Amino acid sequence: MADVDQGSVPPPDASVPIPGLSPDAELNGTDVLNATAAKFVATPEGTALAYGSLLFMALLPIFFGALRSVTCSKSKVLGEGGSDSGYRNSSDMPETITGRDAARFPIIASCTLFGLYLFFKVFSQEYINLLLSMYFFVLGILALAHTLSPLMAKVFPASIPIKQYQLLFTQGSGEAKEEVVNYEFDTKDLVCLVIGGVVGVWYVLKKHWVANNLFGLAFALNGVELLHLNNVCTGCILLGGLFVYDVFWVFGTNVMVTVARSFEAPIKLVFPQDLLERGMDASNFAMLGLGDIVIPGIFIALLLRFDISLKKNSRTYFYASFLAYIFGLGLTIFIMHTFKHAQVPAPVCLSTGLLLCYTWCQPASERSQRCSGGLGARIRCIQNLAVCQSVCLSVC
């Protein structure tokens, strides 16, 4: 999250000194930058509105993305069982994150971040951001269309006929023919794509903060919905890795600062602190990286699916972790605003809150149930709890 003095959502003016900056180019975001308020001093009302709006926007993709991940998970099980999963396109299938994937996440994210840093050092920033704008333009349209699809299915007029379409690209011929792209859609999806295209053109031409947020919310919701952790231990590894990654690149080097100043993409949510004074043309932004939403969000979604698997008609883990996320993000905002420190890695608060919530709020009866079985099952259960607790202690 950050206070930024800038004319548009992307990078701040280089002439304005900025003490700290750290959104990530991937799903890491953590971040809080505090720019100088030389041109504008935010009022308490404007600051409270900005922080409250960011907190509210962060909760939306987590809550609805977690609910939609349950439907995704059920459809995936049907597909693996030989039944019709309901997926028309492979891009709608959830991606499962294993423990190995979670362990490699800090390394891959670090390589990507450092690669972008080298690109910005060697090549022109203007051309790189032009390429990135086109890339996120296409991704944003697809993400927003996928986000709007369930809503469009409910509100689409029944009087309009629904036609089926297919976009198919192949290579080779005869028996050697292979599908490169096979995208099926209907009239409702076409309307969603048109809406996404309008928002995409608005973003590319104006870089307006509302268009940025629409794409950012779509990316975050799709991430929470389609990225599934295979177990809680994997979630602990991922949250712990994010914490180490963020602390290193924020405090140890200036790489993240350089990339964040140069990188133009809807990878963050922003809200103006001068909205009350300047309206929609406001330019002094507080911000929250998408990584601070998606990474904790997929852990919360996992706990919701675990709640449902218990078949107890309760959502104890989901609601407890959701409240822990609110507390952790609120604590991050409080620390940043009180101590005026731009570089406050959110995983310090978010990871701690979520992991402690799961580990120490788990009833003893469910622990014994999950540890029931043979010796191997009990050992694995003890290992999972030990890893979870050790990560919590190390984060603290």
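This is a predicted model: local features need pLDDT of at least 70, side-chain atom pairs count only at pLDDT 80 or more; totals for chains, interfaces and linings use all residues.
Is Cys233 buried or exposed? At 16% relative accessibility, Cys233 counts as buried.

Cys72 has a relative accessibility of 5%, so it counts as buried. Which cysteine has the sulfur closest to that of Cys233? That is Cys236, and the two sulfurs are 6.0 Å apart. A disulfide here needs the sulfur atoms within 2.5 Å, so the sulfur of Cys236 is too far away for a bond with Cys233. For the model, the disulfide count is zero.

Next, the interior. In soluble globular proteins, nonpolar side chains tend to be buried together. Here the largest nonpolar core has 72 residues. Val259, Phe263, Ile293 and Tyr325 are the residues with the most contacts inside it. Which helix gives this core its largest share? Helix α9 does, with eleven residues.

Tyr165, Leu190, Val194 and Val198 make a nonpolar surface patch of about 340 Å². Three residues of the patch come from helix α4, residues 187-206, and that is the largest share. Tyr165 lies in strand β3, which runs over residues 164-171. Is Tyr165 buried, partly exposed or exposed? Its relative accessibility is 34%, so Tyr165 counts as partly exposed.

Last, the backbone. Most residues other than glycine have a negative phi, and most peptide bonds are trans. Lys311 is not a glycine, yet it has a positive phi of about 55°. Where does Lys311 lie? It is in the loop between α9, residues 291-310, and α10, residues 316-339. Asn313 is likewise not a glycine and has a positive phi of about 55°. The loop between α9 and α10 also holds Asn313.

How accessible are these two? Lys311 has a relative accessibility of 73%, and the cut-off for exposed is over 50%, so Lys311 counts as exposed. Asn313, with a relative accessible area of 79%, is exposed as well.

To go back over the main points: the disulfide count is zero, the largest nonpolar core has 72 residues with its largest share from α9, and the loop between α9 and α10 holds Lys311 and Asn313. That is what I have.

Definitions and conventions:
Residues are numbered from 1 along each chain as its sequence is written. Side-chain values use heavy atoms; hydrogens and water are left out. Helices (H or I, at least four residues) and strands (E, at least two) are DSSP runs, numbered from the N terminus. Buried means under 20% relative accessible area, exposed over 50%, partly exposed in between (1.4 Å probe, protein chains only). A nonpolar core is a set of buried Ala, Val, Leu, Ile, Met, Phe, Trp, Tyr and Cys residues joined through side-chain atoms within 4.5 Å. Patches are made of residues with over 30% relative accessible area and no salt bridge: like charges are joined within 9 Å, nonpolar side chains (Val, Leu, Ile, Met, Phe, Trp, Tyr) within 5 Å. Accessible areas come from the Shrake-Rupley method with a 1.4 Å probe; for residues, only the protein chains shown count as cover. A salt bridge is a side-chain nitrogen of Lys or Arg within 4 Å of a carboxyl oxygen of Asp or Glu.
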